[in-house]
Amino acid sequence: MKLEFTKMQGIGNDFVVLDGRRQSLQLDSDCLQQIADRRFGVGCDQILVLEKSNLPDVDVRYRIFNADGSEVEQCGNGARCIARYLHSNGLEHKTEIVAETAAGPITLYIELDDLVRVNMGVPRFAPADIPLAVAEQADSYNLSLEQGEFPFRAVSMGNPHAVLESGDVDTVPISVIAPMIQAHPLFPAGINVGFMQIEDREHIRLRVYERGAGETLACGSGACAAVVCGISAGLLDDCVNVDLPGGRLQIQWAGDDNPVWMTGPAEFVFQGTLELQT
Ligand SMILES: N[C@@H](CCC[C@H](N)C(=O)O)C(=O)O
């Protein structure tokens, strides 16, 4: 099977974009893993598949698959890349694009050529919405592992996030701790694990170990989750610069039932045709 693809990235979180409106796609988990493979495939953290939406007032539907082939609900950096893909390729002339995701419709605003602002929706804290296997909602939770106690906050940005406060994020043994957290039965649908270092009330540093992809250079929904948790804890103001290993995002949240806003770049890398071994 031959597929036309576009490789994109948002501060180093990289994507293979497949336009299912312009070619017929039949992708099972094996195909998705082949595409995402960094040695035998194109290589990416997530695969984004564009489809026609059947919802009224929605411009496009996009499905999100992690590198391990699992389908997920939300992807912040991917949302910006989808906006840029549609706009720069002349497939969408509006600067306000409504995209359907598995977590519901989100609105993408083209600010400048490479800068996109996204309304990421209202964060949800109810354990059933995350999902988190606890009896009652709390401000923070505790995870007991062999390695120690890990207090964390949890939020759904459409997809599930646990946020842990840390000292210098550069020294966190993320590839050891995060998989153990992810495997814990508290998280029945898995979890994206963010380690947040608070620099001041308007600036954090963040590393995210993603569900289905491992540590990435950036996670947009993870940046939203960290800022929402920091604001809820009274530690951050309502507009925060988030420095991830791949670059900076700006996140805004006015609290309560207000949506979270994410602003950052989205870039093309290359495009081509790939042949899948079926
Ligand atoms: N990189 C993304 C998040 C992708 C999905 C995530 N790994 C999950 O499984 O929920 C982002 O920028 O938000």
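Begin by selecting the shell around the ligand, to which H2 and helix H4 (220-232) each supply at least two residues; helices (H or I, at least four residues) and strands (E, at least two) are DSSP runs, numbered from the N terminus. The model is predicted: local features need pLDDT of at least 70, side-chain atom pairs count only at pLDDT 80 or more, and totals for chains, interfaces and linings use all residues. Residues are numbered from 1 along each chain as its sequence is written.

Stay with the ligand. Of the 20 residues around the ligand, Asn77, Asn159, Arg211, Gly220 and Ser221 come nearest, where a residue is near a molecule if its C-beta atom, placed from the backbone, lies within 6 Å of it. The shell comprises four nonpolar, 13 polar and three charged residues. In this classification Ala, Val, Leu, Ile, Met, Phe, Trp, Tyr, Cys and Pro are nonpolar, Asp, Glu, Lys and Arg are charged, and the others, Gly among them, are polar.

Next, select Cys75 and Cys219, which UniProt lists for "active site" in an unreviewed entry; such annotations may be inferred rather than shown by experiment. They span 145 residues in sequence, yet no two of their C-alpha atoms are more than 7.7 Å apart, so they gather at one spot.

Cys75 is found in the loop between strand S5 (71-72) and H2. Cys75 counts as buried, with 31 C-beta neighbours inside 10 Å; the term requires 20 or more other C-beta atoms within 10 Å of a residue's own, these atoms being placed from the backbone. Not counting residues up to four places away in sequence, Cys75 touches Gln46, Ile64, Gly220 and Ser221, contact meaning that the C-beta atoms, placed from the backbone, lie within 7 Å.

Cys219 occupies the loop between strand S14 (214-216) and H4. Cys219 is likewise buried, with 35 other C-beta atoms within 10 Å. Its contacts, leaving aside neighbours within four places in sequence, are Asn13, Asn192, Val208 and Glu210.

Now colour the chain by domain: domain 1 (2-119 + 265-275) and domain 2 (127-258), with bounds from an automatic or database domain assignment. Both domains give residues to the shell around the ligand, so the ligand lies between them. Their C-alpha centres lie 24 Å apart.

Key. Buried ≥ 20, exposed ≤ 12 C-beta atoms within 10 Å, placed from the backbone. Contact = placed C-beta atoms within 7 Å.
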